[in-house]
Amino acid sequence: MKTSVDASYIQRAVELADLNAVRLTLYQLTTDPEIKALSMAAELDAAGRELLISKAVAWLIENAGPRTLTEPPEAELRDLLNLATQEEMSDLEFAARRDLPAFKAYPWAAEWTDAKPELPADFRVAIIGSGYCGIAMGIQLNLLGIPYVILDREPEPGGTWTVNRYPDVRVDTSSIAYDYSFEKDFRWSEHYGRGQEVREYLQYVARKYDVVGNTRFNREVQRASFNEKKSRWVIETTAPEGPETIEANVLVTAVGTFLNPKVSNFRGQEDFKGRILHPARWPNDYDPTDERIAVIGNGSTGVQMLGALARKARKVSVLQRTPQWISPRPNYGSPIEPEIHWLVDNFPGYWNWSRYMASAMFFTTHDLLIPDEEWESQGGSVNRLQDQLRETLLAYMEDQTGGRRDLLDRLIPDYPPFVRRAVVDNGWYKALTRDNVELVTDTVARLTETGIETSDGRIHDVDTIVTATGFEVAQYLSPMIFKGVDGLDLHEFWSKDGPRAYLSMMVPNFPNMFMLYGPNSQPVSGGTMLPAWFTIWASYAGQCIVRLLEKEKQRIEVQSEAHERYNEALDEESKKLVLLRKDAAPEKNYYVSSEHNRLLVSAPWYGPEFHRLCTEVEWDDMMFS
Ligand code: NAP
């Protein structure tokens, strides 16, 4: 026995673990054919489970200890990835998934072709925003040794995780897959990290990788204009000391999708004598104890906070305009057990494979969105997977509400699951069954002095109204002004049919500018988590900057024709999905611009295809000068 813990501790650790990750780890370490022959955890019978656990425990008793595994040779890695989901994956899928277990130090990082060239004097990159994307971009530039400055309007790094501090805010994808693949040491305390911890994580990363030193906080960017003579961006900000102008050769926007809260403007709002709070402007001193509260909105935010408010408030009225499909997540709200931390530290590869499995859960989400004509002609909705999911979610809803018909009748959506952003349950359904919570489905007619009048004429007297009404995602990059070649205004360019870009990142006539998490960037296809995409997009911009410098050019921009071609293909691809169909309620979906009848936030591609597009730069689509 070489470890400080005893066999029963190890046994407990393995039993608590993700057994799919245990299976892969053990197989990588031992190539034991009996382990290879086991099916996935959900399908394991008692004997198979017992075999896996006992072999893992035996291995750990003999070998446990801190050790980092390097990436296995390609054929071995491919074998492991196939084993993970018990499916032979295509070359395209393998290319997109091989870095998900994060064996490499910096998966996806852009590199110099040869040695780093000498940079032109004063060459630097300006990044707007120090959230997940901005930090990823800073680290990419650190790796390349390219000077940069990050500008952020907040006093600390963290972006949306700094801004959103409402009760019970937390991630709704597993923490282990919601972190950067190059940071391998952070120990999350909960399976789904709380907002405070995500904020601490981003600060830890920004410090550890020397990003904070390159960041100027409390700078709100007003305007950026491309100076064609100098081939430099001129960025105007308001700083605490007054206006400030910064010049940079390359501009990267990394401001996220949720920059501007949707501020409510209900009829009679000025008459209301109580408090109106938006979750993205949550006051530190707000105490819901004994309050009468109305929560307007049941998106991810409204759903996440309800339980926490209801436990303290005298009464909460939940104003639901549109029912949502709300799903459970195992371990949501639970701490990560010390045994699991021990396993991460002492079972080499377990960290990598639990990351991989957390992503693999979503490999098939794209299939949910592709209508099957035959299935629908037989009375099904969208396709078989959709109907299965619908049944599962209905059963969950029924279970959580105790089968209360009065609630269920108003909670079941009339559009298919997963067409809008998936909402994760944080005890929302259960909270609706509390004596002090009322579900209100009549719409808001106006605000009165004392509360909300709904369309049925009823007045709901409240002290505080929480407008969990979302964000102005269609106003992408507003209110900042961007002026490209010949003074072209970006928002004017987008005024015809909404924000769009080449690969979500580049717009013609805006040279040396990259948008991270830009229009049509968020893949409808799951399996690669957003932080991995943030790194991939940062690396795309990194590759372009490398090429610019290696070619000793001043400007890189996407050709108009390539931008048009890409967007036509994107709009065509979108038509294959259910999202734009009337029965998918596109007018209620912020992924979609119902005004322009196209996807707005989402990328319609199959995830591995979008990965290919964003990692293999098509240089013929670019112009250098
Ligand atoms: P959202 O998904 O846009 O939801 C807004 C809600 O407000 C909807 O229920 C909407 O109703 C309602 N609403 C808007 N205007 C209204 C009005 N005038 N009257 C009545 N109801 C109104 O916004 P969100 O909940 O803030 O979430 C935004 C995104 O943030 C999420 O989709 C997610 O990507 C992210 N988020 C993530 C987490 C996380 O755990 N990681 C947590 C929170 C948020 P309709 O449905 O009828 O439009």
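**Exercise 1. Work out how Glu 339 is placed and what its side chain pairs with.**

Step 1: Glu 339 has 9% relative accessibility, so it counts as buried (buried is under 20% relative accessible area, exposed over 50%, partly exposed in between, with a 1.4 Å probe and protein chains only). Before going on, note that this is a predicted model, where local features need pLDDT of at least 70 and side-chain atom pairs count only at pLDDT 80 or more, while totals for chains, interfaces and linings use all residues. Residues are numbered from 1 along each chain as its sequence is written, and side-chain values use heavy atoms, leaving out hydrogens and water.

Step 2: Glu 339 makes a salt bridge with Arg 12, with 2.8 Å between the closest N and O atoms (a salt bridge is a side-chain nitrogen of Lys or Arg within 4 Å of a carboxyl oxygen of Asp or Glu).

Step 3: This pair connects distant parts of the chain, 327 residues apart: Glu 339 sits in helix H11 (residues 338-346) and Arg 12 in helix H1 (residues 7-16). Helices are DSSP runs of H or I with at least four residues, strands are E runs of at least two, and both are numbered from the N terminus.

Step 4: Arg 12, at a relative accessible area of 39%, is partly exposed.

**Exercise 2. Find which parts the salt bridge between Asp 32 and Lys 55 ties together.**

Step 1: The side chains of Asp 32 and Lys 55 come to 2.6 Å, N to O.

Step 2: Asp 32 is in the loop between helix H2 (19-30) and helix H3 (33-36), and Lys 55 is in helix H4 (residues 46-63), so the pair ties together parts 23 residues apart in sequence.

Step 3: Asp 32 is buried at 16% relative accessible area, whereas Lys 55 is partly exposed at 24%.

**Exercise 3. Describe the contacts of the ligand with Arg 170, Thr 301 and Tyr 590.**

Step 1: Start with the shell: 22 residues surround the ligand, and Arg 170, Thr 301, Thr 322, Arg 420 and Tyr 590 are the closest (a residue counts if one of its heavy atoms lies within 4 Å).

Step 2: For Arg 170, a polar backbone atom is 2.7 Å from a ligand oxygen. Thr 301 uses a polar side-chain atom, also at 2.7 Å from an oxygen of the ligand. For Tyr 590, a polar side-chain atom is 2.5 Å from a ligand oxygen.

Step 3: The protein covers 86% of the 910 Å² of accessible area that the ligand has on its own (Shrake-Rupley method, 1.4 Å probe).

Technical notes:
Polar contact = N/O pair within 3.5 Å; in protein donor to acceptor, adjacent residues only side chain to side chain.
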